Amino acid sequence: MSSTASTVGRDVEAREYLEQHRVLELFNNMTSQLIYNRPENPKKYMIDLLEKLQRSRATKHDYPCLFDDTNIQSVYNMLDPTNRGFITLQQYKEAMDTLGISPVNEKVEGASEDKINFDTFLSQARSGLSKASATFQAS
């Protein structure tokens, strides 16, 4: 095997390893949390964040996430500025994509009427953000 083929093989193995263990997502999440919160002691903050992530993995909830319910409410309010009480399915899908939620659950309550209410939006956003913030392979 040539040196080039060996290097390419190692690169592919490394990428697969990083994807399988969601290492890049973990570092992106931690970096975002650091920039957003700007703690006095970044190393301790990262250790605490990793410990919280570990507890979240065991309990399956409370994943470290930049977005809270207030942020989700703000996104929804921007999409429903006249307070109709619903947004369209297209708005819902675009908002979920903007929040980094993938794949988007398109079979939600109100989808067939093209009217997604806030409770559905909040539930789907929380669920999607939890999965996105988990930064580990689902068991």
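Helices (H or I, at least four residues) and strands (E, at least two) are taken as DSSP runs, numbered from the N terminus. The structure is a predicted model, in which local features need pLDDT of at least 70 and side-chain atom pairs count only at pLDDT 80 or more, whereas totals for chains, interfaces and linings use all residues. Residues are numbered from 1 along each chain as its sequence is written, and side-chain values use heavy atoms, with hydrogens and water left out.

Helix α1 spans residues 3-20 and includes Leu-18. Leu-18 is partly exposed, at 30% relative accessibility; buried means under 20% relative accessible area, exposed over 50%, and partly exposed in between (1.4 Å probe, protein chains only).

An annotation in UniProt, from an unreviewed entry, assigns "domain: EF-hand" to residues 67-102; UniProt positions are given in the numbering used here, feature names are shortened, and annotations may be inferred rather than shown by experiment. The span 67-102 is 58% helix and 0% strand, and its end C-alpha atoms lie 15 Å apart.

Asp-80 is located in the loop that separates α4 (69-79) from α5 (89-98). The residue Asp-80 is buried, with a relative accessible area of 4%. When neighbours within four places in sequence are set aside, Asp-80 is in contact (heavy atoms within 4.5 Å) with Gly-85, Phe-86 and Ile-87.

Thr-98 belongs to helix α5 and is exposed, its relative accessible area being 68%. Between Thr-98 and Val-75 the separation is 23 residues in sequence and 9.8 Å in space, from C-alpha to C-alpha.
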